[in-house]
Amino acid sequence: MGDSAQRPRSSLLYVEDDADIAALTVEVLEDMYDVEHASDGETALRFALSRRYDVMVVDRRLPGMDGVDFIRALRRAFRADGGQKVSGARRESRGTGYVVKLEGVTCRSESP
């Protein structure tokens with residue numbers, strides 16, 4: 001007995017400046033998520049402040065505002081308006097990225 005009503009898909013903000021990697025990744029992610037892509041930290045921050053995302057996948061090395069600065073700016077913005085909380089970033093054991101939790105949802109900032 002299946003339920004004919006479809007559950008809304010989770011929203012995902014994908015931040016990647018390499019156009020080829022982004023195109024392939026977005027194509028795969030779109031099967032599971034409502035994906036929005038930003039190619040730099042400033043655009044990503046604008047998107048993140050205008051819409052709630054269930055998941056954010058953020059490249060660490062971005063032109064202009066890098067992934068870590070994006071997360072810091074997002075935290076500051078959410079704290080300033082009393083909105084959604086972004087919990088602390090921590091280094092992964094591989095030393096290549098950060099894991100951040102947004103209201104219990106894991107968000108990654110990772111460099112290649």
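Q: Hi! What does the side chain of Asp-59 reach?
A: The side chain of Asp-59 reaches the backbone nitrogen of Arg-61, at 3.4 Å. That is a polar contact: a pair of N or O atoms within 3.5 Å, where within protein one must be able to donate a hydrogen and the other to accept it, and residues adjacent in sequence count only if both atoms are side-chain atoms.

Q: Before we go on, what are the ground rules here?
A: This is a predicted model, where local features need pLDDT of at least 70 and side-chain atom pairs count only at pLDDT 80 or more, while totals for chains, interfaces and linings use all residues. Residues are numbered from 1 along each chain as its sequence is written, and side-chain values use heavy atoms, with hydrogens and water left out.

Q: Back to Asp-59, then: where is its place?
A: Asp-59 is in strand β3, residues 55-59. Strands (E, at least two residues) and helices (H or I, at least four) are DSSP runs, numbered from the N terminus.

Q: Which side chain of opposite charge is nearest to Asp-59?
A: Arg-61, 6.7 Å away. Asp-59 is buried yet has no salt bridge. Buried means under 20% relative accessible area, exposed over 50%, and partly exposed in between, with a 1.4 Å probe and protein chains only. A salt bridge needs a side-chain nitrogen of Lys or Arg within 4 Å of a carboxyl oxygen of Asp or Glu. For charge, Lys and Arg count as positive and Asp and Glu as negative; His and the chain ends are not counted.

Q: New topic: which residues of α1 are buried?
A: Ala-22, Val-26 and Leu-29.

Q: What do the buried residues of α1 pack against?
A: Strands β1 (11-15) and β2 (34-38).

Q: Why does Val-26 count as buried?
A: Because its relative accessibility is 14%. Val-26 touches Tyr-14, Val-35 and His-37, leaving aside residues up to four places away in sequence; contact means heavy atoms within 4.5 Å. Val-26 and His-37 are eleven residues apart in sequence and 7.5 Å apart in space, C-alpha to C-alpha.

Q: Zooming out, how many helices and strands are there?
A: Three helices and six strands, following the pattern β-α-β-α-β-α-β-β-β along the sequence. Of the 112 residues of the chain, 39% count as buried.
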